[in-house]
Amino acid sequence: MRTIGLLILLLTLSWGGFAQQTDLGQLEFAANVKGVKSLTSKEVVQIFRNGRSLWASGEKVIIVLPSNKSDMAESVAKNLYGGSVTAMQKFWLALVFQGRANPPVFLQSAEEIMVYISKNPGAIGVIPKGSGDIPESIQLTIR
Amino acid sequence: MSNKKHFSIYVALLGLLFVLSSVDTQAQVRQTQFNGFGHLEFYLDRDEDGRHASFAMGEHDFFVTSSLSDKITFIGEYVIRFNGKSATNYLPSIERSLMKFNYVNNHSIIVGKVHTPVNYWNDVYHHGRVFFPVIDRPMSFSYFVPLHTLGLQFQGQNLGKLNFGYDFMVGNGISSTDVYHDSVVPSITGSVHIRPKEGMRIGLSYYWDDLHDNVPGVHSGHNTSIVIPDAQKYQGPVKFRLASFSFASFREKFEFLNETGFNTSITDSTGTARNFSQYVYAGLNVTEKSTPYFVFDYIDVADNDIHVYPLEKLKIAFGYRYSFNYLLNLKVQLEKTWEFEHFGHEHTASYGPFLRVQLAYGF
């Protein structure tokens, strides 16, 4: 009986915990996807958390993120994943290792991220606000 | 269902996979990633021969994933581990090798060798010790859990508001090897889960396997409770069933994992043996890097079981994990084991406390 009580207590504690906060207003998004010029904030968060493997057009979802050595990584990790750069990297490595996600592309600068997205259909990326110019053709509006 | 019918279904499913994969022939983004994982251990224990303080080389794991096209991915996991019977003291093994065809958003067909998706641990951690929250797997992995299946799998994930997921699999069962299955009746795995919150997963599964002969092959890590000479082991058929429940919650402050297993092994000789296992892990993230934790691990194999043979065992452990970063962590664990029954002899013996230290890394 004591064991069951302890289990219920642990389950209750683990159900609560701290919600991971996001602040998409601090970020800018770009995507090279047929017919996708805007997404809701809920859709964006879901996509960047491996919630989607293919776009409606059939193209593979390619996540593009700042690498851990980039100045932009901390802001993206905090405002999109609600945690540290280490937590963001661990999140993706664990999913890739499980076989449940394709590895994201990690790039150093905003310019590299924009060039990569422009050249690769299906790519979606993020940078902190004001850290670079996003070409109009791949600008993604958050509703 | 007749063997002929099983075989026909099997062939039809393989044909379906071929047809679906041929639709996606144009490679667009080819991307290959290699990772390695390994661990080193130190342990301090005591047995009839006295105290031992040993350093130990753990498994070393080579992982590769490659996108062959927008919809087709290859995943491989290859492990080298110590084995005193090998001429070089090490043996390699293929732990996973699979092709995944993502035919529509979040739904895939997988063919190859996988870790059977019967519970959270086997589906998530594989051989990467750097991902393990503690030093080693639950005890049930040595007796009940069918670690691998080689076959055909249907997988879905992140469906709907609750992030529903499913895995349905047919393949070579417990008594088979990577090249041979001793009957046309495959093992069947059905597994479902939901992820109602980020970091949380609740799952249920059922595994069904009719072993033609009681010979654990490479697809299980099943041991007998004591070493029994092959000639004295039960050799006949076993109807092996396993129902599992997993609750995992890895959140910012608190980590919790519960793995429950109900297993029956049915033989003509001793009837239905009902077995049970219960594993609980709880960890508190004092900081992002620092996690003290607790482990409760219990297994009970019935007196009439002749697949594993009778056993009742409990392990309690207290530990501490320090994560230098996501690719390197150090775990220190103090553990004690009680054995209440062993091969039909009721007795209470305890072992430990033992000290174990593990340095786990990825690269």
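A residue is counted as buried if 20 or more other C-beta atoms, placed from the backbone, lie within 10 Å of its own, as exposed if 12 or fewer do, and as partly exposed in between. The model is predicted: local features need pLDDT of at least 70, side-chain atom pairs count only at pLDDT 80 or more, and totals for chains, interfaces and linings use all residues. Residues are numbered from 1 along each chain as its sequence is written, and chains are lettered from A and ligands numbered from 1 in the order written.

Helix 3 of chain A is mostly covered, with seven of its nine residues buried. Helices (H or I, at least four residues) and strands (E, at least two) are DSSP runs numbered from the N terminus. The buried set comprises A73(A), S75(A), V76(A), A77(A), K78(A), L80(A) and Y81(A). Their cover includes strand 1, helix 2, strand 3, helix 4 and strand 5 of chain A, where contact requires C-beta atoms, placed from the backbone, within 7 Å. G82(A) follows helix 3 of chain A and has a positive phi near 65°.

Six strands of chain A form an open, mixed sheet in the order 2-6-1-5-3-4. Pairing requires at least two DSSP bridges between two strands. Strands 2 (38–39) and 4 (105–107) of chain A are at the edges; each has a single partner strand, so one side of each lacks a neighbour in the sheet. Strand 1 (residues 27–31) and strand 5 (residues 123–128) of chain A run antiparallel, joined by five bridges. A30(A) stands opposite G125(A) in strand 5 of chain A.

Definitions and conventions:
Contact = placed C-beta atoms within 7 Å.
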